[in-house]
Every structure is written in C-alpha cells, then in structure tokens.
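This report goes through one protein chain, from its overall form to single residues. Please keep the sequence and the model in view while reading.

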Amino acid sequence: MAVKEMQNWWDQLQAEADRQSDQTEINGQRLMSIAATAALDRVARTGLGAMVCSALAPMLLGRGKLEREAEKLRFYARFADDANLDETFIAPPPVSVVEEAPSPLSLHRRFAPKGVNCRYLSFSSPFTPLNPALTDDYLANERNRTARALHFYHDKPRATLLYIHGQSLDNYRINSAWFSLAEIYDQGYDVLMMTLPHHGQRAESSHPISGIGFYTNGLAGTNEAMLQSISDARVWLNYLFDRGAPQVGVSGVSLGGYLSALLACVDDRLSFAIPNSPVVAPVDMALQWQPVAPVSKLMFAMSDLTMAELRHCMALHSPLTYQPRIANDRLFIISGAGDRFTSPRFVRLLHEHWQGSRIHWFPGNHLLHLEQGHYLQDMHNFIDRSFGMEP
C-alpha cells in the first residue's frame with residue numbers, strides 16, 4: 001500500500017519502510033562505491049546525532065520537563081489530522097524586503113562570484129508560533145527574527161531558482177559551488193539562496209553551531225522552526241513575483257530538500273520542486289543514528305509518548321501528509337544510493353507518494369555526491385523544461 005493511500009501514515013510508516021529496501025536501481029552497477037559511501041555516512045551521522053542530543057538534553061533533565069514537552073507536542077496532532085494547509089501554514093502578511101549595504105568590516109567577507117550581480121537581502125520575519133505556549137521562548141531568539149538571503153540577479157527579473165540549504169550548511173559560497181548555482185545564473189536564470197531560521201547570521205551568539213536553534217526549544221520548537229522556514233520562503237516568493245519574476249521553482253538539499261518538498265504542497269505558484277537528498281521521515285531517520293537511538297528509548301521510557309505519537313505530533317510539516325499543489329511531472333527527486341542519513345527506503349516512499357514524479361539515484365551518500373555532473377545536467381535540463389526553455 002502506497003503512503004498516499006494511508007489514512008494515518010504515521011501509524012503505518014514503519015511497516016511501509018520495512019517493505020522497502022535500501023537497494024536501488026544502480027546498486028548492481030556501483031556496488032563498491034555505494035557500500036563505501038554508506039559506511040562513511042554511518043560514521044558522519046553520529047556527529048549530527050550528538051549535536052541534536054545535546055540541544056534536546058534540557059528536555060530530559062529536571063522534574064516534569066519531559067511531560068511539559070509532550071503536552072506541547074500534542075498540540076500539533078490535530079493539525080496533522082485536519083491536513084488544513086491554510087490553518088497550519090498561515091500566509092505571511094506583506095513585508096518590506098531591503099537590500100543590506102555591507103559594512104567596511106564585512107565587505108571583504110561577502111561572497112560575490114565573478115560575473116554575477118549579487119545583493120544581500122533581509123526582512124523582518126512576520127512569523128508567530130502556531131502554538132501560543134512557545135511564543136515568548138521562540139521569539140526571544142532575536143537574531144532569528146531577521147530573515148536573510150543572497151540574490152543572484154540580472155538587469156531585468158528572470159525566472160528564478162529559490163534554493164534552500166541543509167542543516168548547518170548555510171554558507172553561500174559552499175552551496176553555490178556544490179550545486180553550480182552560478183552556472184544556473186549563466187543559463188539565464190536568477191537565483192535566491194535563503195538562509196533558514198537559526199542559521200548563519202540568524203543564529204544566536206550563544207549557539208555553538210549554526211542551526212542548533214532548530215532543537216534548543218525542544219521538538220515543539222523544531223515544529224515551529226519548520227513552519228517559520230515555510231513562512232519565510234513564501235515571503236521570498238512574494239518578493240520575487242512582486243519584482244517581476246515570471247516563474248519561480250525551488251530546490252534544496254537535506255533539510256532544504258525536505259522543505260522544498262513541503263513548499264510544493266503549500267504554494268501552487270511554484271513551477272517545479274527538486275528536493276535533493278531530502279529528509280522524508282525526520283523521526284525515523286534520527287532513530288537510526290547514535291546516540292539518538294538510546295536517548296530516544298530513554299525518552300519513551302520516561303514518558304507516555306510513543307513512537308507513533310511522536311510521528312503524529314510532527315506530521316504537520318511532512319510532505320507525506322499532503323498532496324503536492326503542482327503537477328507531479330514538475331517534481332524531481334535526487335538522492336544518493338549510499339545515503340544513510342535519509343535512507344533510500346524513505347526517499348522511495350516520497351517518490352511513491354508523488355506518483356508520476358521523477359527520481360535520479362547517484363552513487364554516493366548524503367554529503368559525497370559521486371558522479372554529480374550527471375544529475376546536475378539532468379537537473380539543469382529539468383529546470384529548462386519546467387521554465388519552458390527546452391535545452
């Protein structure tokens with residue numbers, strides 16, 4: 001049974017994942033490279049797991065904290081049940097986007113590829129937490145309340161790629177090089193790289209790692225960070241269309257892939273969505289990591305919260321909860337056959353949910369994208385076709 005046929009996918013996800021395999025269509029051709037990169041991922045994900053656990057540790061410490069966290073999480077369950085996009089993803093009001101003039105001290109650090117017109121943009125994020133119990137704590141992250149982006153633009157507005165980075169990987173220079181974004185600009189398109197909540201300049205000065213703020217307000221705070229990411233992305237869409245962009249598509253990697261897939265469910269103005277190495281089932285993905293698995297078992301033992309209920313309470317921001325609002329032939333998934341951060345069995349569930357979508361497997365893992373040139377060419381051709389520019 002495909003995920004889209006499930007009434008409550010969060011209750012049945014484990015059975016659905018178990019019927020899948022981490023084998024892909026290219027495993028027979030690239031067995032050694034896939035096995036080697038998968039082994040590297042299993043080691044690398046331990047570091048991210050340790051970061052998540054350190055951020056969530058306060059939730060497990062102190063009398064009554066875990067019970068209060070469970071109560072906050074249960075607030076979100078009805079939103080997944082209702083699957084009402086307008087109620088969950090409240091449309092942001094009009095806001096002013098401004099171009100930031102660099103200070104003399106920061107000018108030399110600003111990334112600007114040669115031959116590319118660049119501007120750094122920001123706006124005051126209008127997002128307010130969905131759960132009133134989190135409002136004060138969440139909005140206390142003052143730096144997070146200024147949304148930021150780097151815009152590659154031509155003299156006249158062009159069809160634009162909105163790009164969303166991964167967890168803790170917010171560096172514009174790295175993202176531009178990794179996904180050849182300057183080449184997309186050279187194809188004749190504009191590119192806007194948004195900075196996710198709690199990342200880069202949006203991270204609090206007390207945060208030791210960019211992006212850790214996704215977890216420092218507990219898992220309920222993670223829900224709100226996901227919602228704010230979509231709210232901010234819609235402000236960027238408003239800005240691009242208001243200034244005359246004829247079309248906008250979205251792509252992102254890892255966490256950005258998850259949010260790209262979700263944005264395709266929320267906003268029907270997109271011309272395409274290309275989630276790359278997307279997170280699909282965050283709770284199940286994290287439970288494959290060390291030390292998340294034993295810490296989670298402790299959390300379940302100390303509370304009456306179950307695995308299925310935790311999925312349920314975080315399902316309001318899953319692309320598995322909704323149908324996409326753009327045509328399925330405008331959906332293109334890219335993922336690594338050796339990825340063990342978000343394993344092929346989960347990525348395939350998204351592909352099944354998006355019946356008619358395309359999928360491209362590459363012989364690498366979550367961070368090491370072997371033979372990347374093949375999928376970049378495929379991606380660029382897909383963008384051309386989606387924007388009506390046949391290659």
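## Terms and basis

A residue is called buried under 20% relative accessible area, exposed over 50%, and partly exposed in between, using a 1.4 Å probe and protein chains only. By this scale E371 is partly exposed, because its relative accessible area is 35%.

This is a predicted model, in which local features need pLDDT of at least 70 and side-chain atom pairs count only at pLDDT 80 or more, while totals for chains, interfaces and linings use all residues. Residues are numbered from 1 along each chain as its sequence is written, and side-chain values use heavy atoms, with hydrogens and water left out.

## The chain as a whole

The chain has 15 helices and 9 strands; these are DSSP runs numbered from the N terminus, with helices being H or I of at least four residues and strands being E of at least two. Its C-alpha trace spans about 60 × 50 × 40 Å along the principal axes.

Of the 391 residues, 59% count as buried. The chain exposes about 15,800 Å², and carbon and sulfur atoms supply 53% of this area; accessible areas come from the Shrake-Rupley method with a 1.4 Å probe, and for residues only the protein chains shown count as cover. Contact means heavy atoms within 4.5 Å. Among contacts between residues at least 6 apart in sequence, 80% join residues at least 24 apart.

## Helices α1 and α14

Two packed helices are described by the angle between their axes and the distance between the axes. Axes are lines fitted to C-alpha atoms, for helices over the stretch in contact, and angles run from 0 to 180 degrees between N-to-C directions. For α1 (residues 9-19) and α14 (residues 344-353), the axes come within 9 Å and cross at roughly 105 degrees. The two helices are therefore roughly perpendicular; the classes are roughly parallel under 35 degrees, roughly antiparallel over 145, roughly perpendicular from 65 to 115, and oblique for the rest. On the α1 side, L13, E16, A17, D18 and R19 take part, and they meet R345, F346, L349 and E352 of α14. By class, this contact has 4 nonpolar, no polar and 5 charged residues. Nonpolar covers Ala, Val, Leu, Ile, Met, Phe, Trp, Tyr, Cys and Pro, charged covers Asp, Glu, Lys and Arg, and polar covers the others, Gly among them.

L13, in α1, is buried, since its relative accessible area is 0%. Not counting residues up to four places away in sequence, L13 touches A281, D284, R311, L320 and L349.

Helix α14 is largely enclosed by the rest of the structure, because 7 of its 10 residues are buried. These buried residues are P344, F346, V347, R348, L349, L350 and H353. Their cover includes α1, α10, α11 (282-286), β8 (332-336) and β9.

## Helices α3 and α9

Helix α3 (residues 65-74) packs against helix α9 (residues 218-242) at an angle of about 30 degrees, with the axes 7 Å apart. That makes the pair roughly parallel. E69, K72 and L73 of α3 make the contact with G218, L219, A220 and N223 of α9. The contact has 3 nonpolar, 2 polar and 2 charged residues.

Leaving out residues up to four places away in sequence, D232 touches F123, S125, A147, M194, P197 and R202. L237 is also in α9 and counts as buried at 0% relative accessibility. With neighbours within four places set aside, L237 is in contact with L162, V248, L263, D267, R269 and L270.

## Positive phi in two loops

S254 is not a glycine, yet has a positive phi of about 60 degrees. This residue lies in the loop between β6 (248-253) and α10 (255-266). S254 counts as buried, at 12% relative accessibility.

E371, in the loop between β9 (358-362) and α15 (372-386), has a positive phi near 55 degrees and is a residue other than glycine.
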